[in-house]
Amino acid sequence: MTYHVAIDIGASSGRVMLAYKEEGLHLEEIHRFKNGFAKVDGHDRWDIDQLVKNVLIGLEKVKQQGVGTCTIGIDTWAVDYVLLDDEGELLGQPVAYRDARTQGVMEQVFQQIPKETIYKKTGIQFLNFNTLYQLFVEDDNLLDKTDKILMIPDYIAYKLTGKMTGEVTNWSTTQFLHLESRTYDKDLLEVLDIDTSKFPDLIEAGEIIGALKVTGYDVPEAQVIAVGTHDTASAVVGVPATSKNWAYISSGTWSLIGLESQEPIANQDSFRANYTNEWGAYQTYRFLKNITGMWCVQEIARLTDYKYSFKEMAEQAAQVEPFLQEIDLNDDRFTNPENMIEEIQKACRETGQLVPESMRELVMAVYSNLAKAYGRELKQLEALTGQTIDCLHIVGGGSNVSLLNQLTANVIGKEVIAGPGEATAIGNILVQMIATGEFENISQARKWLASTSHLEHYKPQ
């Protein structure tokens, strides 16, 4: 039996998942740990050392399950990075993308290179926390000391193998990879005043990074394989799609709505709509829009001391009439407010709308406006691609929210297929399985996944 381990780390938690193929995919959570940023030295920072430690603890637990050999794949969130000195040591804990340091920075960059030129080169949407803008305001003293810059999953792979690589699905989110040359764009790096030598060699999903080499931990013998290291790239691999014209929403802290394309779509229309061409596994492109997701509900849960589970919150919200407010949840004011509940209420007061007061009213307000946002973007997606979407797959943690799935089906007037909730970990595993020959290609893997997974179907009402 061939064992595979998915290291899947998001903005709020991480997991070490053990998987193997039986009639379906056996997927077991071996170790879960918390993640989050905290204010350190004036910036919101991730504790990357603690993440690496928990990964190794999880791999020890895998060995304790009787797994002597396996493969390992790593995926995390995008855009954030670490700076390493010439001995490969951290120069500081990485700054989180929600840190305020990049506010207003895009306009400074556009003064040096036009916005339209950046998009033509990269095809990547404009978000003020893209790596391009983070590095533009990075501490010059630290950059002078920097020998290598690695993205978060590449750094974890480096700590496991000693090999420095840059997997393309995550590096494409930096907004300085060129669509045609498929490498670092020199013009954009000149704006940053950073030499390409500071960046690792790029590799594709499915390539082997190296053998697991760690000390002080009793871990299995393993090969670390480059999966779609951007968690959305792995989630899209894990979409159990069998129809021709399908779209997806990878639903987590963020909602990423789009389709899988063999060619990038970077024209004036996609530029104006701020659609992105993130690179996918097997030289595909994720033509998508990055919009807010479960972040607002996560914050409501936190501010109400996690009194209710997310399922209970949705069940109570279902008792409230939907679509009573019009709220742009993608507004910057909701990116990282001091108090999400008060910010939502304030936005409603400012526009003379009914103010949601109770937890259930707040949650319904969020889900209603998420469904409407999904509907608007799906129409935009069809217009930009010239395709008529037959069905919408929702994967990731948000696929478990039946209320939101049904609201979305009602708004878009199309079938919604929800699941799997663990699409990111599953996509991570599927790339490992293709690399080890258990599947010939992604199409075969998806057909098998669709035939062996429990999926929920929502018809418009």
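The legends below describe close-up views of a predicted model.

**Figure 1. The two domains of the protein.** An automatic or database assignment divides the protein into domain 1 (1-224) and domain 2 (230-460). The distance between the C-alpha centres of domain 1 and domain 2 is 23 Å. To the contact, domain 1 contributes 51 residues and domain 2 contributes 45 residues.

**Figure 2. The area buried between domain 1 and domain 2.** About 3,900 Å² is buried between the two domains, and carbon and sulfur atoms give 60% of this area. On the side of domain 1, the residues that lose the most area to domain 2 are Arg-98, Tyr-119 and Gln-125. Together, these three residues account for 19% of what that side buries.

**Figure 3. A salt bridge between Arg-15 and Glu-422.** Arg-15 and Glu-422 form a salt bridge, in which the closest N and O atoms are 2.7 Å apart.

Figure 4. Because domain 1 (1-224) and domain 2 (230-460) both give residues to the lining, the second largest pocket lies between them.

**Figure 5. The lining of the second largest pocket.** Helix H2 (105-110), strand S16 (285-292) and helix H11 (295-303) are the elements that each supply two or more residues to the lining. Strand S16 gives the most, with four residues. By residue class, the lining consists of 14 nonpolar, eleven polar and nine charged residues.

Figure 6. The peptide bond that joins Gly-419 and Pro-420 is cis, with omega about 0°. Pro-420 is located in the loop between strand S18 (415-418) and helix H16 (423-435).

**Figure 7. A positive phi angle at Val-79.** Val-79 is a residue other than glycine, yet its phi has a positive value, near 65°. Val-79 is placed in the loop between strand S6 (69-75) and strand S7 (81-84).

Notes:
Residues are numbered from 1 along each chain as its sequence is written. This is a predicted model: local features need pLDDT of at least 70, side-chain atom pairs count only at pLDDT 80 or more; totals for chains, interfaces and linings use all residues. Side-chain values use heavy atoms; hydrogens and water are left out. Ala, Val, Leu, Ile, Met, Phe, Trp, Tyr, Cys and Pro count as nonpolar, Asp, Glu, Lys and Arg as charged, and the others, Gly among them, as polar. Contact means heavy atoms within 4.5 Å. Buried area is the accessible area (1.4 Å probe) that two parts lose on being put together, summed over both. A salt bridge is a side-chain nitrogen of Lys or Arg within 4 Å of a carboxyl oxygen of Asp or Glu.
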